[in-house]
Amino acid sequence: MYKSIVLGVAASAALAAAAFGVQAQDKPKPDPKMSFFITSEGVGDGANLGGLAGADKHCQTLAARVGAGRKTWRAYLSADAAGGQPAVNARDRIGRGPWYNFKGEMVARDVADLHSDANKLGKETSLTEAGAVVNGRGDTPNQHDILTGSALDGVLATGASNLTCANWTSNGEGSAQVGHHDRTGGGANPTSWNSAHPSRGCSQANLAASGGAGKFYCFATR
């Protein structure tokens, strides 16, 4: 009887291991060229990303989960001058390109192409690190607002107020300039992937209220 129990346990373990192996094999992997994605999740604290360093770390962590951690990843975010440091433009943080999505499709050749009407960014091409399509306008919930703090040309967005949620450290007061990854919606520039309108605030609830979830773009610099 004891031998039968041992054999049964061993058989169950073998079946579980085999099932796990099948699931692991079935899980899609990013194309080796992948150098661009939208974060599948925010950090969970509104626009408080831990500053640019925290946002970069989040990009790196998500990339590592899908086997792309050997590349150097940077968040596409601008920041205001503060603490004796100059302002930061998102376009200057992301390398030279070209950039490819999860499927290996080129979305932009270089920085100029990325910020032109010729880029290939859109709902079906701006995928997460895991290859998923991010909810857009008309989906529930709508999450097409992507944090950037940037103007159309990728430099720091300026206006009557700070548009970077205190350089990505605020989860309360302030606002963040966002883009629409699905290239549709409202705001001054509804079809812009990086500079559609300001958010209603910096908290997780306020980001959700205007159609976001605290997600942002990540680019591999090399």
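## Fold, cores and cross-links of a predicted chain

Among contacts in the protein chain between residues at least 6 apart in sequence, 64% join residues at least 24 apart. A contact here means heavy atoms within 4.5 Å. The model is predicted: local features need pLDDT of at least 70, side-chain atom pairs count only at pLDDT 80 or more, and totals for chains, interfaces and linings use all residues. Residues are numbered from 1 along each chain as its sequence is written, and side-chain values use heavy atoms, with hydrogens and water left out.

### Overall layout

The protein chain has five helices and eight strands. Both are DSSP runs numbered from the N terminus: helices are H or I with at least four residues, strands are E with at least two. Along the sequence the order is α-β-α-β-β-β-α-β-α-β-β-α-β. Of the 222 residues, 45% count as buried. Buried means under 20% relative accessible area, exposed over 50%, and partly exposed in between, with a 1.4 Å probe and protein chains only. The accessible surface of the chain comes to about 10,700 Å², and 55% of that belongs to carbon and sulfur atoms. These areas come from the Shrake-Rupley method with a 1.4 Å probe; for residues, only the protein chains shown count as cover.

### Nonpolar cores

In soluble globular proteins, nonpolar side chains tend to be buried together. A nonpolar core is a set of buried Ala, Val, Leu, Ile, Met, Phe, Trp, Tyr and Cys residues joined through side-chain atoms within 4.5 Å. The largest such core has 26 residues. Trp73, Leu77, Leu147, Trp168 and Phe216 have the most contacts inside it. Helix H2 (51-65), strand S2 (73-75), helix H4 (165-168) and strand S8 (212-220) each supply at least two residues of this core. H2 gives the largest share, five residues. A second, separate core has 16 residues, including Ala90, Val107, Ala108 and Val134.

Serine 35 sits in the loop between helix H1 (2-26) and strand S1 (36-38). Its relative accessibility is 6%, so serine 35 counts as buried. Leaving out residues up to four places away in sequence, serine 35 touches Lys71, Trp73, Pro98, Trp99, Tyr100, Cys218, Phe219 and Ala220.

Strand S6 (residues 177-180) is covered on both faces. Gln177 and Gly179 are buried on one side, Val178 and His180 on the other. Two strands pair if DSSP finds at least two bridges between them. Strand S5 (residues 145-147) runs antiparallel to S6, joined by three bridges. Aspartate 145 stands opposite histidine 180 in S6. Strand S7 (residues 197-198) also pairs with S6 in the antiparallel sense, over two bridges. There, the bridge partner of glutamine 177 is proline 198 in S7.

### Disulfides

A disulfide is a pair of cysteine sulfur atoms within 2.5 Å. The count comes to two. One joins cysteine 59 to cysteine 218, with S to S at 2.0 Å. This pair links distant parts of the chain: cysteine 59 in helix H2 and cysteine 218 in strand S8, 159 residues apart. The torsion about their S-S bond is about -80°, so the disulfide is left-handed. Cysteine 59 and cysteine 218 are both buried.

The other joins cysteine 165 to cysteine 202, again with S to S at 2.0 Å. Its torsion of -95° is left-handed. Cysteine 165 lies in helix H4 and cysteine 202 in the loop between S7 and helix H5 (204-209), 37 residues apart. Cysteine 165 is buried, with a relative accessible area of 0%. Cysteine 202 is buried at 0% as well. In sequence order, the bonded cysteines pair 1-4, 2-3.

### Salt bridges

Side chains of opposite charge can pair when their charged atoms come close. A salt bridge is a side-chain nitrogen of Lys or Arg within 4 Å of a carboxyl oxygen of Asp or Glu. The whole structure holds six. The table lists some of them.

| Salt bridge | N to O distance |
|---|---|
| Glutamate 41 – arginine 65 | 3.6 Å |
| Arginine 74 – aspartate 56 | 3.8 Å |
| Aspartate 139 – lysine 123 | 2.7 Å |

Aspartate 139 and lysine 123 both lie in the loop between helix H3 (111-114) and S5, so the pair ties together parts that are 16 residues apart in sequence. Aspartate 139 is partly exposed at 28% relative accessibility, and lysine 123 is partly exposed at 24%. Salt bridges that share partners join Asp56, Arg74 and Arg93 into one network. Arginine 65 is exposed, with a relative accessible area of 56%.
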